[in-house]
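User: Could you walk me through this one? I'd like to go strand by strand and then look at the ligand.

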Amino acid sequence: MRTDFDPAELSSGQFYRLLNSVVIPRPIAWVSSTSAAGVDNLAPHSFFTVACVDPPMVQFTSVGRKDSLCNATETGEFVVCLAGEPMVEQVNATGTDFPAHLSEFAEVGLTPEPSLRVAPPRVAESPVTRRPVRSRRTRAARSAE
Ligand SMILES: Cc1cc2nc3c(=O)[nH]c(=O)nc-3n(C[C@H](O)[C@H](O)[C@H](O)COP(=O)(O)O)c2cc1C
């Protein structure tokens, strides 16, 4: 039996939870960014994907206005680092709400490795990292907050 859901009849939080539970499985990426004040930031994102292959671009979706989004908007730079299953503890630890002046790298014991062309470091423990060609922010009309 099929069940229809009308987004207009659900709160944004309810629809977010619905999407979260049906669009699966999702790989997890750490988004690394550096604030204008120079503090490195790291946060896991499952809403990320390849946005374009030529030029090669990746994107992440911030559900609400978070430090990763603020940093990427302010500096135009972020790095996506894939997080494998053995890193699940550190993924969850970086997903908690650290104050903006603290770096998640240091707080959870991950190693910041200098990136080749952008300021935000990559995660040394990550098997694959990708810097965006150019950071551009697109705002959706509504986002669960
Ligand atoms: C596995 C996992 C996946 C997550 N995916 C997202 C996501 O796609 N978008 C988002 O806004 N938050 C996501 N979060 C929550 C953020 O990582 C969390 O709010 C974090 O504290 C944001 O950090 P920031 O303020 O430094 O950007 C995820 C958390 C976890 C543990």
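User: In strand 2, which residue is the bridge partner of Ser33?

Analyst: Quick housekeeping: this is a predicted model, where local features need pLDDT of at least 70 and side-chain atom pairs count only at pLDDT 80 or more, while totals for chains, interfaces and linings use all residues. Residues are numbered from 1 along each chain as its sequence is written. Strands (E, at least two residues) and helices (H or I, at least four) are DSSP runs numbered from the N terminus. As for Ser33, its bridge partner in strand 2 is Asn41.

User: How many bridges join strand 1 to strand 2?

Analyst: Strands count as paired if DSSP finds at least two bridges between them. Ser32 stands opposite Leu42 in strand 2. Strand 1 (residues 28–34) and strand 2 run antiparallel, and the number of bridges joining them is six.

User: Which residue in the turn of that hairpin has a positive phi?

Analyst: Strand 1 and strand 2 form the hairpin, with five residues between them. The phi in question is about 95 degrees, and it belongs to Gly38.

User: Why is strand 1 largely enclosed by the rest of the structure?

Analyst: Buried means 20 or more other C-beta atoms within 10 Å of a residue's own, exposed means 12 or fewer, and partly exposed is in between, with C-beta atoms placed from the backbone. Strand 2 is largely enclosed because five of its six residues are buried. For strand 1, the reason is that the buried count, out of seven residues, is six.

User: Which strand gives the most to the shell around the ligand?

Analyst: The ligand is surrounded by 18 residues, the closest being Ala43, Phe47, Lys66, Ser68 and Gly95. Strand 2 (40–45), helix 2 (67–75) and helix 3 (88–94) each supply at least two residues of that shell. The top contributor, with four residues, is strand 2.

User: And Pro114, is that buried or exposed?

Analyst: Pro114 sits in the loop between strand 6 (112–113) and strand 7 (122–123). Its C-alpha atom is separated by 8.8 Å from that of Ala124, ten residues apart along the chain. Since Pro114 has 10 C-beta neighbours inside 10 Å, it counts as exposed.

Methods. A residue is near a molecule or strand if its C-beta atom, placed from the backbone, lies within 6 Å of it.
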